[in-house]
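Morning, everyone. Please bring up the model on your screens. I will talk you through two sites.

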Amino acid sequence: MKIVVCIKQVPDTAEVKLDPKTNTLIRDGVPSIINPDDKAGIEVALRLKEQVGGTVTLVCMGPPQADVALREALAMGCDDAVLISGREFGGSDTLATSTIIAAGIKTLDYDVIITGRQAIDGDTAQVGPQIAEHLGIPQVSYAEELTADGDSLIVKRQFEDRYQKIRVKTPCLITALSEIAEPRYMTVGGTIDAYAKEIKVLGFEELKDKLNPEHIGLKGSPTNVVKSFTKQAKGAGEVLKDASADDAVKAIIAKMEEKHII
Ligand SMILES: Cc1cc2nc3c(=O)[nH]c(=O)nc-3n(C[C@H](O)[C@H](O)[C@H](O)COP(=O)(O)OP(=O)(O)OC[C@H]3O[C@@H](n4cnc5c(N)ncnc54)[C@H](O)[C@@H]3O)c2cc1C
């Protein structure tokens with residue numbers, strides 16, 4: 001089974017700060033990690049490979065520094081890696097990003113594509129489903145379990161109050177929740193091998209016959225960010241310690257009326 005896993009390098013969000021003047025992310029000096037859902041996606045891909053054989057190929061769109069994320073995933077046991085990188089791709093929103101990633105994946109052989117459900121910096125959960133649409137293949141999102149069964153996958157799909165078990169034929173795309181598998185550690189041998197491997201870089205030149213320049217980068221992005229800001233810390237609030245339930249309800253309603261919430 002040929003498995004492609006899309007991984008995004010994201011800032012470790014606990015430490016992300018916004019520049020108060022430009023309202024953009026301060027990336028300098030902020031550590032980067034593999035997006036957590038994607039790391040779980042790598043693990044489940046490696047388990048699928050162990051179950052039925054095959055290869056695991058990583059795809060990441062990002063700046064040259066994203067090489068580090070790909071090497072980390074190679075050290076976990078993935079076979080090869082593709083970095084999609086180019087100035088023409090800068091400023092892409094989710095639609096342009098998925099267009100570019102889908103173009104990159106078209107250069108590969110695949111039975112299954114695994115993406116994370118959601119990236120912790122963008123948080124839209126749009127890129128995986130959009131890639132499936134661009135490629136015209138079925139998709140199952142919110143996967144919490146994944147097993148291979150012949151030319152199909154059996155996916156347990158999470159809902160708030162229940163789950164669905166879905167059989168989907170390959171080729172298909174799965175978006176993985178971080179619960180799907182606990183990622184393994186890199187091995188020492190794996191780390192040495194990872195740095196001996198060559199990462200294939202695909203830029204605009206390599207993908208231009210699959211891309212319309214009007215659909216990529218900032219000008220190909222229909223999303224407009226009007227404003228971004230850091231949430232201000234709230235006051236401590238008021239604690240109604242010894243109030244009865246009825247008094248607490250009355251006090252909360254009075255406060256909401258005072259603030260014109262109700
Ligand atoms: C107008 C606009 C301009 C932007 N400009 C920039 C910019 O200049 N530079 C910049 O870094 N970001 C930029 N962004 C953010 C960027 O578009 C998103 O981070 C990106 O499209 C992914 O969306 P997301 O983080 O919501 O991913 P989600 O949809 O939440 O991610 C779901 C899954 O898709 C896969 N995935 C997502 N992104 C990638 C990737 N890059 N490579 C491989 N797999 C991936 C992963 O498996 C991930 O778990 C911009 C966004 C907007 C709206």
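We start at the ligand and then move to a pocket.

First, the ground rules. This is a predicted model: local features need pLDDT of at least 70, side-chain atom pairs count only at pLDDT 80 or more, and totals for chains, interfaces and linings use all residues. Residues are numbered from 1 along each chain as its sequence is written, and side-chain values use heavy atoms, with hydrogens and water left out.

Now the ligand. There are 30 residues around the ligand. Near here means that a heavy atom of the residue lies within 4 Å of the molecule. Lys8, Asp38, Ser92, Ala119 and Thr124 come nearest. By class, the shell has 10 nonpolar, 13 polar and seven charged residues. Ala, Val, Leu, Ile, Met, Phe, Trp, Tyr, Cys and Pro count as nonpolar, Asp, Glu, Lys and Arg as charged, and the others, Gly among them, as polar.

Look at the ligand's oxygen atoms. A polar side-chain atom of threonine 97 sits 2.9 Å from a ligand oxygen. For alanine 125, a polar backbone atom is 2.9 Å from an oxygen of the ligand. Glutamine 126 has a backbone N or O atom 2.9 Å from a ligand oxygen.

How much of the ligand does the protein bury? Alone, the ligand exposes 950 Å², and the protein buries 80% of that. Those areas come from the Shrake-Rupley method with a 1.4 Å probe.

Next, the second largest pocket. Its lining includes Glu238, Leu240 and Lys255. The lining has five nonpolar, no polar and three charged residues. Lining residues have an atom within 4 Å of a point of the pocket, which is an open set on a 1 Å grid over the protein atoms alone, where a 1.4 Å probe fits, with protein on both sides within 12 Å along at least five of seven lines.

How values were computed. A polar contact is a pair of N or O atoms within 3.5 Å; within protein, one must be able to donate a hydrogen and the other to accept it, and residues adjacent in sequence count only if both atoms are side-chain atoms.
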